[in-house]
Amino acid sequence: MKRYIIIGFLCLFGTWTASSQTNDSIPKTRSHFTLAVGAGWSHYFANMELVPARNVQKDFIGTSFRFMWEPEYRLSLGLETGFYRIFKVDSTINSEYNMKSRMNVVPLFLVIRMRIVDNFYLSIAPGIALQYTKITGIGPEITSHQLSLANFEATASYLYPLGKLFIVGGEARYMYFGKTNDIMMSISAVFAVKL
Amino acid sequence: MRRTIFYIIGIALLMAGCYKTTNLAVPTAGPNSILTETYPLSNPSRKVMDGIYSVSAGNDVFGDQVVIKWSRKKMSVFCSDGHYFVFDVGQLDSVIMLQGYWRYCYNDNTGAATAYIAREQGGTDIVNANPHPGTIIIKGGYGSSGNEINNPLQFNYLRPISPALLSKKFSILAHRSGGRTSDHLPVSENSLAMINFTEGLGSTGIEIDVQLTSDGIPVLYHDADLNIRLTQKGPLSGPIKDFTYTQLFYLVRLIHGEHLPTLRDALIFTVDSTLITDVYLDMKEKVPTMSAVVPIQKEMLQRAKDKGRDLHIYIGLPSTDAINDFMNQPDYKNIPSLCELTTDDVQNLNSMVWAPRFTLGTQNDLVAQMHSQGRLAWTWTLDNEDWIREYLNDGHFDGILTNYPFVVGYYHYIREN
């Protein structure tokens, strides 16, 4: 199934690229690098079977950091990392333990971004993610981590240039972490600097 | 722009649909079962039913011959190509009633099945435990969805399972305590429920995966970390060795809702509640685990002995790390063990079982060498029908570890000797 999705994405971007060539072959910018910082609301689509949904806190503040190489054409390439809390669980177990569990994630995505129209971008990003789980209230406090190898991010961005050096905007982001089958989205404000 | 939004929504829907779970329901008899008014068969009666049968209705699906073999609670039918039946059986006025299901192991095909044996067609011989039944005709039907029965089924007794074959011990060892979760069985791998379930699939032994929790308790679990392949989605994730048993007990459920069992609980259940004769402890950890596992093995062997159970529990030695850990145990040469490495290692460790992987071939000369030293030889993990047939017919192993014990059962029991 994932293979078909990847092929689908490649076809999709191929189509966009091809259609863009006819009316947009003149470069609008020079090749440059940008460094972007984002922060905003993130939401976890809870799918836990063991804990009632009411015990799962799903909304947090997430941050992202993105370094992009933006050549003079529509496609750009970069790396993105960040810090997100996926969930926090506060649950009484067996009337005995007041258990608290939280999972944080630090992803590292390879971002492939395309300018669709002026100031509006779409990107897809496969990557890896380090997931941290911390548990307290039942036995000793334990922090565990694991590497998730099959992860995916899709982002829609509106980025408005402020002069020649700065960019501000907003991003909507969808993230999937394969190891734990966790899905989350975020909407964040972005501030970027051209290097 | 609209097209872009359409693509985004499409991508989001595709991603949300990536994770697919299959919950394959086993057809069950329910409260209106024909068996509710019947009485259980005695063990001698059950043995009368064991044998090789021809298939005169349903042979287009289940082949021309099947093996019928009773386990502790269930009557199983093993077919040549990966189909099998599991029946509950009772008798009323010398009529034998069967109710259960069939399953094809390589996909999700399954359905209900019912049958009966009339008095004059073997029912009386079975109830009277006549060891030489003139005829046994099992007539009934099977369905392909839900509990409906819409296809005829008939098995006709041909001969008993070869007494020469039964006189020699041959172990059919099922992987992951009896079967894999990924094969869509109704219970989870490495659970007490699976140990209870697997005898109906034809297993006479089990391999179980042993890991240590952070507080040093051996538990049954295959993978290194908690993941959605084996467990329900919960608040814990990460390597299993990071968590205490209390945390795992309360915050982790296997895919069908079972708790992670401790090794001790699993072996107590095996000793007390099954007729399993061989347990192969597959040590998954690279860290030393023997000092936690060996006392449990010793305690359970004594428990089995006290109960008059013919049960062997072997500590698996799959690597030099495990061997080094094992050799640190006092009097290790007298600890029942199973070595997967060379025959020299087997002799040095005085392992009772040599278990090479099947890809190394039948190795009849080395198997004969092990036999001459009074040791057993098992091979793992053999799932392909053609290989199973070849290893049974051309090899001399004393047991096969498999994910499909019913396939091994068919090709083993159908042999003449």
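**Reading chain B, step by step**

Author: Let's begin with charge: in chain B, the mean positions of the 34 positive and 43 negative charges lie 3 Å apart. Here Lys and Arg count as positive and Asp and Glu as negative, with His and the chain ends not counted; each charge is placed at NZ of Lys, CZ of Arg, CG of Asp or CD of Glu. This is a predicted model, in which local features need pLDDT of at least 70 and side-chain atom pairs count only at pLDDT 80 or more, while totals for chains, interfaces and linings use all residues. Residues are numbered from 1 along each chain as its sequence is written, chains are lettered from A and ligands numbered from 1 in the order in which they are written, and side-chain values use heavy atoms, with hydrogens and water left out.

Reader: How many helices and strands does chain B have?

Author: Helices (H or I, at least four residues) and strands (E, at least two) are DSSP runs, numbered from the N terminus. Chain B has 14 helices and 19 strands. Its radius of gyration is 23 Å, close to the 22 Å that the globule rule gives for 417 residues, so chain B is as compact as a globular protein of that length. That radius is taken over C-alpha atoms, and the rule is 2.2 Å times the number of residues to the power 0.38.

Reader: What percentage of the residues in chain B is buried?

Author: Buried means under 20% relative accessible area, exposed over 50%, and partly exposed in between (1.4 Å probe, protein chains only). In chain B, 58% of the 417 residues are buried.

Reader: Which strands pair with S3(B)?

Author: Two strands pair if DSSP finds at least two bridges between them. Strand S2 (residues 65–70) of chain B runs antiparallel to S3(B), joined by four bridges, and B:Val67 stands opposite B:Phe78. S3(B) also pairs in the antiparallel sense with strand S4 (residues 83–92), again over four bridges, where B:Val77 faces B:Phe85.

Reader: Are the two faces of S3(B) covered or uncovered?

Author: Both faces of S3 (residues 75–78) are covered: B:Met75 and B:Val77 on one side, and B:Ser76 and B:Phe78 on the other, are all buried.

Reader: Where is B:Arg72, and is this residue buried or exposed?

Author: B:Arg72 sits in the loop between S2 and S3 of chain B. With a relative accessible area of 18%, B:Arg72 is buried. Contact means heavy atoms within 4.5 Å. Beyond its neighbours within four places in sequence, B:Arg72 touches B:Arg46, B:Asn196, B:Glu199, B:Ser273, B:Thr274 and B:Leu275.

Reader: Which residues other than glycine have a positive phi?

Author: Most residues other than glycine have a negative phi. Among those with a positive value here are B:Arg176, with phi near 50°, and B:Asn190, with phi near 55°. B:Arg176 lies in the loop between strand S9 (171–174) and helix H6 (192–198) of chain B, and B:Asn190 is in the loop between S9 and H6 as well.

Reader: Are B:Arg176 and B:Asn190 buried or exposed?

Author: B:Arg176 counts as buried at 10% relative accessibility, and B:Asn190 is buried with a relative accessible area of 1%.
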